[in-house]
Every structure is written in C-alpha cells, then in structure tokens.
Amino acid sequence: MSADAAASAALYASHVLKDGDSFLVANGYGDIDSGSNGLFRDDTRLLSRYRLRLGETQPALLNGAVTSDNVFFVAHLTNRQLPLLGESAAPEGLVHISRSRFLLGERMYERIACRNYGSRGVIVPLRIELDADFRDMFEVRGSVRPARGELLPREPRGNGVLFRYRGLDEVVRTSVVAFSRAPEQVIDEVLEFPMRLAPGARDELYVEVGTVAESVPARARYRAAAAQARRRMRERQRRGGRIGSGMPLFDAWMQRSRVDLALLTSELETGPYPYAGIPWFSTPFGRDAVVTALQTLWLDPGLARGVLAFLARHQAQEESSFLDAAPGKIMHETRKGEMSATRELPFGRYYGGVDTTPLFVLLAGAYARRSGDMAFVETLWPALLAATAWIERACDQNRSGFLDYARGEDSGLANQGWKDSEDSVFHADGRFPSGPIALVEVQGYAFAAFQAMATLARRRSDPAAADRWLERAEALRAAVEARFWMPSREFYGIALDGEDQLCEVRASNPGHLLYVGLCDDQRAAHVAEQLMSPAFNNGWGVRTLARGEPHYNPMSYHNGSVWPHDSALCAAGIARYGHRGAAVKLLHSAFESAVHFDMRLPELFCGFTRAQGAQPIPYPVACLPQAWAAGSPFMLLQACLGVDIDAWSGEINVDRPQLPPGIDEVRLRDISVGDSCTDLVFQRSGERIGVFAESRNGVAAPVRLRS
C-alpha cells in the first residue's frame, strides 16, 4: 500500500474506546473531524472536532491502533517539513509525535508527546482545533429536526475552553476541554501550543475532556487514571470461564471477542450489562443483551444475572401507545439524549420489541438451570409472572393464539422483531403485509418461555401452574407446526399477517425455532439442510434471506446480509438436533470471516457468495464492536463441543463433541458448577474426541459424555 493510500485508509478508519456511558470514535490519526466520529455521552456528542495539526499541516501517520486490551488508543506520527530556529526548513521525519488516550468514567484523558530526533533545535507548531455541536445521536445518524436548541457562546478558560448548549428540553449540556498549560494563542476554535525542542528533547501536553471542570491536567493525574482504567478493564475480562486451544490465531479470536464484550459491558447498579454496539447503539437494549447473555451463559452466568436484574427493574407498568408499552413488557431500548427527552422520538424507554419479553423469561429459565440460583429467581418471580401474563394476554387476543405486534403510533418501529427494518417482512409476491404480524421465531421464544416457567414453577413446588404453562407451550407448538409450515418448500414461512395469511418466504428466522427445540425431527432436518445450502450459506455464514426470494439484496440490512449472531443461533439450533458437523462448518466460516475483520466480527456484513481468494464484504455502517457479534464465537464453540451445564444436578453434559478443523485440543478453564470449579479438556484422537475433567479447587463437577 502506498503512503497516500495508507493515509487515506487511516482517515476513514474508526477506532473506538468506551467506558460506562461514554464512548469515543476517532480516525487513525486520533482526530475527530467528520461523520459519526466524536466523543459521546448519554447519546449526545460532546466533542465534534478535535484535530491535531503542526501549523497548517497534518502530521504524517506512522501507526494508529487501539491496544489489545481495548483501554488505550495510541497513534504514532511524525512531522512533515518544519522551520528551524531562524534557519532553513528541516526535513520531515525528525520529530516523533505520540498520542495516547483512554476513557475513564465521564472523561477522556490524552497525552501528546513530542521528541526531536534531529541534530538542531526546532519549534513544533502544535495546534489543536476544537468544537462541540451537542448533536443527539439520532441527528448524527441522519435524523433532521425541525428545530434545535441554542449553542451558547464558548467560554475561554485559562487552560482550555468551555462549550455549552441549551436543549429544547431546557437542559444545559456542557463540555470542558482542559490542557496542562495555557495556549499561547487562541484564534476562534484553534488553540496553539508551540513546543521548543532542543536536539533529543521531549515535551508533553496533557488534555482532558469531560462534562465538568476538574483539576489541571498533569502527568500524575494521567498516570493514576490510566492505572485505574487498566484495572477496571482487567476485572471485567476476568469474569467467567476461559478458552484456549493452542492455535494462536483461534485463541486471538476468542480473546478479542472476550475483550470486546468487556469493553461494551457497563457496570450498572443492577450488575454488568452489555451495551448493544458502537457507535449507534451504545446504550442498554433488551433483545441484544438477552441474546449476548445466552451466548455466554455457559461460561459466565454473572452477565445473565445482571441483564435480568436490569430488565426486571425497568419492566413496563402501564399502557402507552407512544412507547408501545403495556404492563409486563420488557424494554426494547433506552436513550438519554435530547430528542428522547423532548419525546420527538419514543426511545427514552421504549417497549416496541415483541420478542424481548419472551426472551427475558427464556433467559431466566436458562440462568436458573445454569447457576442453580433459585434465590435470585425468587426476586425475579413477580417480574416473570408479569412478563408471562403479557405474553398470554397478547396470544389470547390473536385469532390463532400467536404472539404478534403492531406499533401504537407512527413514531414507533414498524417491525418489532430482531429484523426491525421496515422492509424485512413481506409476502412471496413482494407485498408488505398489514398487521398485526406474528413472526415465526417469536412463537418459538414464547414456546420456550412457557416451558421455562413450567420448569421454574415445579422448582417452586407449584405443579398446577407448571402443567398449565406446559399445556400452553404444547398448544403453541402444535399451532406453529400447523400454520407456519410450507409443505411444498419444506420450510417455515417468516410470518402470519393481520389477515392470518402466511408470508411464504424463506428467511433465517426458522433457525431460531431449532434453537428452542420447537420443531419435530424431520422438519428440523429439512430446515437445517436448507440453512446450510448455497441459497442461505454464502460461505461466510447464514444469510438472513435466501437467495432468490423477493427483496433479496446481499447489501441490505436484513434481506440477504449475514449477521454473526443469527448464524450462531442457527448453528446452535442445528446442533441441538444432532447435526453438529454443520455447527463446526459455521464456526470455521465465522473464524475465517473474523480473520479478514482484524479478528473482530462486525454487527453484519454483506451476503455476497464467497469467491476463492476473496474477502467478506463489509456493510458500510455496521456497529463495530457489537455485543451479540462478539458473543457469537462462544455460542458457536458451545454448539460444536455439545457442552450443557446443569447446576441443579451438579453435572456437565457433553453430547457428541466435535472440534474445529486444524484444532486438536480445546481447554475450558474455570467452569463453575455450584461450588466446584472445573477445567474441561477436549482432545482429538484419530476420529474420536476425548473429554477430561480437572479440578480447579479440589472438587470437579462430574462429566456425562455421550459419544
């Protein structure tokens, strides 16, 4: 790659940092200067321009990257030509400039260090360009508002600048940029900090950005905060079991995924909670967090506990058509920006997800079995009863007994399953259906929710309630098999519309029916075969829509793209019915995809068929990192290994395990089962896979192997 091409790529690269409710997106130089870049907190952009220049010139980039632990962004730059002290111009490449930054709580910390490697003294004309536009995240995404609040005059401070904005919600939002020294000159938004460097000399400038002013930035503050940021990230990364294979690249993928989940997880009052993704969805989402918790449950039940506690606390208590809320529903998303506060949008706390409520109940049942923690389930029981009551009411109002949706007002989401774009549900002739709409996978979630409540009720010594919920689950299973199956296509249709007509379209949604175990074995085999066929499987993963269906477009958001979490759920479902080799193939495809994405699976990528020697095609505005994409490798590996942990019996069940190609050993460390802590080792021996358990604390959980 030429120097010009490398510089261009760096300009458009996105490097992400996050801590708590703050995140930062900058280019490879470390600059914030365009598009969705910025420093954000609570869905508001607090810094919209932050550019480093040497006079009028952009430095030359040597390298810019986020460290492997996701704590620091570090850029190495050098000068182009600079004037010497009173003499002719100095050549480029004599001054090294390093930018090192991190986030801690509400603040960004940065150190800008310059060293002169030349034989003569130089003046480094360091300039910082600043601005804060306080745009709501939905504005950054492209929403056009009829009116905005007032940008108040910026206030120069002795060592920085105060930016302020009074929103239409009458809240004054502030952004304070402070430096370790006062600028020598300020011209509009440009602050100048010339550094006079003798040969071999080094100088540093410290910068902090936050919502309030604190002490003057300095080396000691930077180092203390950096140590705390490292420590906090290390604590998040240590949660749960760990994976090793002895294959460096595979282990790097697993470690990168683990680190990305740690980055996205915020410590809330209710416990750890994975925010959905950066930049567009760095906030609590219900569906995304539940799926992420399911993906990692076998390794870390603590994340599921935090998700359940948060969602129970924010369960809907009343009816609201604007918020698509009803008593018992579980939250879809929450936002803290100005547009949500003024109700220009309903997303302050929005309940327009038809699947989040049954997924919440499903997760509670899975968590109880994985952890044995019925004491926590008791605290959740009122929320679980309310959620299940909402599912029952909604099913009872549907003419065929299905769980359906229809938005209350035009401001809400038109489609309320995980494929929530407006064009994601349609008939075989391309028509978009009238509502209410009953999605096929949502019936699977409701089926699993009733089963989970039945199991929990038996644990609570309430057999009558258990029998009632089991009866509802079986009735729903029978209805799905009767109404959604397409005999001529040997597949399930995507949805029933408001006229009770089946949308006879082949999409990936039925793979989720396999995940919850609703289908009979013969139909499951047909679904699995088609999901692995070229119509769905493009060589990198499972397409959201089969090639050849109406509205198929491999560059679309939901109609032919590949979503790693969707592929993982399909793989887990296919493996549940005994087709573990397909799960191995999908794991291998996901791994090869990750190699081309710097070991980090994006939210989605394009669904073009894989060509020899080609790479997967990125989707231009996909979140990266994204929680359920980062969790996908763990669900895929579990599907391959056939690991199921039953804390109620104190056992680890392993069903016909398989290892990915080229990997002869996988070691799972620190797998907790009740009071025991166990290491599991899977080893290939010819055509067989052996499984060995080793104790970590003197007591190993028994392993039941089905081979």
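**Notes on the predicted model**

1. Along its principal axes, the C-alpha trace spans about 90 × 60 × 50 Å.

2. This is a predicted model, in which local features need pLDDT of at least 70 and side-chain atom pairs count only at pLDDT 80 or more, while totals for chains, interfaces and linings use all residues. Residues are numbered from 1 along each chain as its sequence is written, and side-chain values use heavy atoms, with hydrogens and water left out.

3. Of the 707 residues in the protein chain, 60% are buried, meaning under 20% relative accessible area with a 1.4 Å probe, protein chains only. Among contacts (heavy atoms within 4.5 Å) between residues at least 6 apart in sequence, 63% join residues at least 24 apart.

4. The protein chain holds 17 helices and 34 strands, which are DSSP runs numbered from the N terminus (helices H or I, at least four residues; strands E, at least two).

5. Strand E32 (residues 676-685) and strand E33 (residues 688-695) run antiparallel and are joined by eight bridges, where pairing requires that DSSP find at least two bridges between two strands. Leucine 680 has alanine 693 in E33 as its bridge partner. The two strands E32 and E33 form a hairpin with two residues between them, and glycine 686 in the turn has a positive phi of about 65°.

Key
Buried < 20%, exposed > 50% of the residue type's maximum accessible area, 1.4 Å probe, protein only.
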